[in-house]
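Here is a short note for someone opening this structure for the first time. Please read the points with the model in view.

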Amino acid sequence: MKKKYFYSHIIDTSTLSLELNEMDLTSIERLHLISLVESNIHQEIINLILSELSLPDKKIFLAHLASENHDKIWEFLNSKINDAEEKIKKTVEDLKSELHKDIKEIKS
Amino acid sequence: MTQSHYKSLSDRWRARHQNLTKNLWIKHGESLEWLANNYRQLISGSLGGLMILTGQISNTLPSAPIAATQPAIPNLDKKTFLISDLAQILPKDVRPLEAEEEQNICDILSRTYGIKVTPELEGKRLNRSYGFIGAEQHLIRYPGDNLSSHFDSDEDSELYWQQGMAPGLGAWSYFSPSKEASTQKDKDREKYYIAVPTFLSKDFNSRFAEYRDFYKYRKMLVVNPNNGRAIVADIADAGPAESTGKQLGGSPEVMHYLERFDGSLKGPVLYFFINDPDDKINLGPVTPI
């Protein structure tokens, strides 16, 4: 089965899902919050990548993104950005920490 | 308990997403605009990956989660163009707009929504047309109106109960003299109201009666420039004070639709008069034509 996004295989949001599971939420509410987590992650990753690319390369990346050809996206990213995968992982981990913090604040 | 936890998290994460989208457009607007102009030639499948363009996310609880997170194709380019066009004109700081900026923005909004908007009408204008919007409470519509009688449906009650009822009346007193006399128009005027600082208009004190009558239920188009959501609202209260750091206020329903929040998450909106002398334009959300 095709992954939803080109980065889906390198990120793990299960800790957030688990934490939301432990809260007294309806399944619909939980699904909505998870979709918001995914949306925030997506914007952070796109911002990271575009910030690392030149103007012409940004357009190439966006074209690949629109075509949803994940292999081409990774081939391109690996040729243009050093440690692209690690940078994406770190960006996501930083965001996840902030989202966990949000949950903690709201529960307290 | 669940509702407050859910709502707090939902509000916070939606606001975070909007800020991310806004910053994306500020930093990479040229590339995103290029994508917006060419996406029809580029897309092969779903539009999921292109949510960066509109920043559109599900606003409330989804009935079908996947569909709710994907923008509708017909609206994608129009909202995208609107966000892009506005981002090129709006200043980075939320400050009063110059006359040329106002005119350019009014041209864009009038074209996008098919509604003629203007910063000045009949020689009258508010102190500004771009500012932070804060959350107002529900207004009492008629004698005896309270939270138990205020909502048309259980869904509305769940969404908007907690914002509470303002202790005083709106600037123009009740919307109708009694529950029996209350019409749909009266209901909508409360539901989609905004509060603006009428008292900061030029020569307000010396032209009080003139301004009072002009502003009463005057229609304005209120637009969140970060997500392209727009609503036809009416002026039904005066405020907020300058010391609040906010330039206008929105009813719970207006704030919810625009995806704007109060406090540290507050964000700006554009607001312009609608010239509708024959009262043909309905209050409520509007979409690009």
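1. A definition comes first: a residue is buried under 20% relative accessible area, exposed over 50%, and partly exposed in between. B:R95 has a relative accessible area of 28%, so B:R95 is partly exposed. Keep in mind that this is a predicted model.

2. Chain B as a whole. Chain B has ten helices and eight strands. It has 289 residues, and 55% of them count as buried. Take the contacts in chain B between residues at least 6 apart in sequence: 76% of these join residues at least 24 apart. The accessible surface of chain B is about 12,600 Å². Carbon and sulfur atoms account for 48% of that surface.

3. Back to B:R95. Which residue does B:R95 pair with in a salt bridge? The partner is B:E101, with the closest N and O atoms 2.9 Å apart. B:E101 has 14% relative accessibility, so B:E101 counts as buried. Side chains of opposite charge can pair when their charged atoms come close.

4. Another salt bridge in chain B. The side chains of B:D145 and B:R141 meet, at 3.0 Å from N to O. Both B:D145 and B:R141 are buried. Elsewhere, salt bridges with shared partners link A:E98, A:D102, A:E105, B:R12 and B:R16 into one network. Over all chains, the structure holds 28 salt bridges.

5. A pair in chain A. A:K96 forms a salt bridge with A:E93, and their closest N and O atoms are 3.1 Å apart. The two lie three residues apart in helix α5 (residues 84-107) of chain A, so about one helical turn separates them. Is each one buried or partly exposed? A:K96 is buried, because its relative accessible area is 6%. A:E93 is partly exposed, because its value is 41%.

6. Helix α3 of chain A. This helix covers residues 55-67, which makes 13 residues. At 1.5 Å a residue it should span 18 Å; its end C-alpha atoms are 19 Å apart, so the two agree. Buried residues in α3(A) include A:F61, A:L62, A:A63, A:H64 and A:L65. Just after α3(A), A:E68 takes a positive phi of about 60°.

7. A histidine in a loop. B:H138 sits in the loop between β2 (130-135) and α6 (147-150) of chain B. Its relative accessibility is 0%, so B:H138 counts as buried. Beyond its neighbours within four places in sequence, B:H138 is in contact with several residues, among them B:H150, B:Y160, B:E190 and B:E253.

Note on methods
Residues numbered from 1 in each chain as written. Chains lettered and ligands numbered in written order. Predicted model: local features only at pLDDT ≥ 70, side-chain atom pairs only at ≥ 80, totals over all residues. Heavy atoms only, no water. Helix = DSSP H or I, 4+ residues; strand = E, 2+ residues; numbered from the N terminus. Buried < 20%, exposed > 50% of the residue type's maximum accessible area, 1.4 Å probe, protein only. Contact = heavy atoms within 4.5 Å. Areas by Shrake-Rupley, 256 points an atom, 1.4 Å probe, with all protein chains shown as cover. Expected span 1.5 Å × (residues − 1). Salt bridge = Lys/Arg side-chain N within 4 Å of Asp/Glu carboxyl O.
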